[in-house]
Amino acid sequence: MTQAREVLDRHTAAFNNHDIDALLRNVSPAAVWISPEGPAEGHEEIASYIGQFFAAFPDVRAIVWEKVDHGDLAAEELMMVGTHGGTYLMPGGRAVPGTGRPIQLRCCAMCTVEDGLMVSMRFYFDQLELLAQLGLLPEADV
């Protein structure tokens with residue numbers, strides 16, 4: 001197991017425990033995270049992003065299906081499951097109040113680790129899949 005794998009495993013465990021402080025202990029203060037919602041740089045922005053996500057999906061957890069690591073890179077394919085119970089901030093700033101709907105969102109996370117800390121995280125998911133699960137897509141005329 002590589003150091004990158006160990007760091008990402010600790011990150012995922014902290015995420016599932018909703019422990020932002022533990023999560024940040026695995027992240028470089030200069031780290032950059034990229035997700036469909038946009039970029040976050042440094043501990044303050046990353047903590048804000050994760051905190052907002054936990055507020056929107058208070059019972060969210062990551063169920064990891066596959067793990068891959070090579071050198072300073074580690075990746076996971078996972079299912080993000082939870083309930084939309086609070087306000088979700090979408091790209092562009094739109095705030096969507098909690099719908100009470102469950103989500104089961106297929107995702108991929110890739111991180112780069114240097115000196116035992118995550119320096120980058122790229123998190124991918126299908127935004128249309130999330131919007132559909134939240135009931136936010138317009139009905140199509142058939």
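**Starting point: one serine**

I started with Ser-120, whose side chain makes a polar contact of 2.6 Å with the side chain of Arg-122. For the record, a polar contact is a pair of N or O atoms within 3.5 Å; within protein, one must be able to donate a hydrogen and the other to accept it, and residues adjacent in sequence count only if both atoms are side-chain atoms.

Before going on, I noted that this is a predicted model, where local features need pLDDT of at least 70 and side-chain atom pairs count only at pLDDT 80 or more, while totals for chains, interfaces and linings use all residues. Residues are numbered from 1 along each chain as its sequence is written, and side-chain values use heavy atoms, with hydrogens and water left out.

Where does Ser-120 lie? I found it in strand β8, residues 117–125. Strands (E, at least two residues) and helices (H or I, at least four) are DSSP runs, numbered from the N terminus.

Is Ser-120 buried or exposed? It counts as buried, because its relative accessibility is 16%. The cut-offs: buried means under 20% relative accessible area, exposed over 50%, partly exposed in between (1.4 Å probe, protein chains only).

I then skipped the neighbours within four places in sequence and listed what else Ser-120 is in contact with: Val-32, Met-110, Cys-111 and Thr-112. Contact means heavy atoms within 4.5 Å. Thr-112 also stands opposite Ser-120.

**The sheet**

Next I zoomed out to the strands. β8 pairs with β7 (residues 102–114) in the antiparallel sense, over eight bridges; two strands pair if DSSP finds at least two bridges between them.

Both belong to an open sheet of six strands, in the order β2-β1-β8-β7-β4-β3, with mixed pairing. I checked the edges: β2 (38–41) and β3 (61–70) each have a single partner strand, so one side of each has no neighbour in the sheet. Neighbouring strands here are turned by 15° against each other on average, direction ignored.

I followed the pairing further along. β4 and β7 run antiparallel and are joined by 11 bridges, with Gly-82 opposite Ile-103 in β7. β3 and β4 are antiparallel too, with nine bridges, and there Glu-66 stands opposite Glu-77 in β4. Their hairpin has two residues between the strands, and Gly-71 takes a positive phi near 60° in it.

How many residues of β4 are buried? I got eight of the 11, so β4 is largely enclosed by the rest of the structure.

**Helices on the sheet**

Helix α1 (residues 3–16) lies across β1 (27–35), β3, β4 (73–83), β7 and β8, and runs at about 10° to β4. Helix α3 (residues 42–56) packs on the sheet as well, touching β1, β2 and β4, at about 50° to the direction of β1. These angles run from 0 to 180 degrees between N-to-C directions; axes are lines fitted to C-alpha atoms, for helices over the stretch in contact.

**Charged pairs**

I searched the whole structure and got four salt bridges. That means a side-chain nitrogen of Lys or Arg within 4 Å of a carboxyl oxygen of Asp or Glu.

One of them joins Arg-5 and Asp-9 at 3.0 Å, N to O. Those two are about one helical turn apart, because they sit four residues from each other in α1. Asp-9 is partly exposed at 22%, while Arg-5 is buried at 3%.

Arg-5 also meets Glu-76 in a salt bridge, 3.0 Å from N to O. Glu-76 lies in β4 and Arg-5 in α1, so this pair ties together parts 71 residues apart in sequence. Arg-5, Asp-9, Lys-67 and Glu-76 are linked in a network of salt bridges.

I also noted Arg-106 with Glu-129, closest N and O atoms 3.1 Å apart. Arg-106 is in β7 and Glu-129 in helix α4 (residues 127–133), 23 residues apart. Arg-106 is partly exposed at 49%, whereas Glu-129 is buried at 16%.
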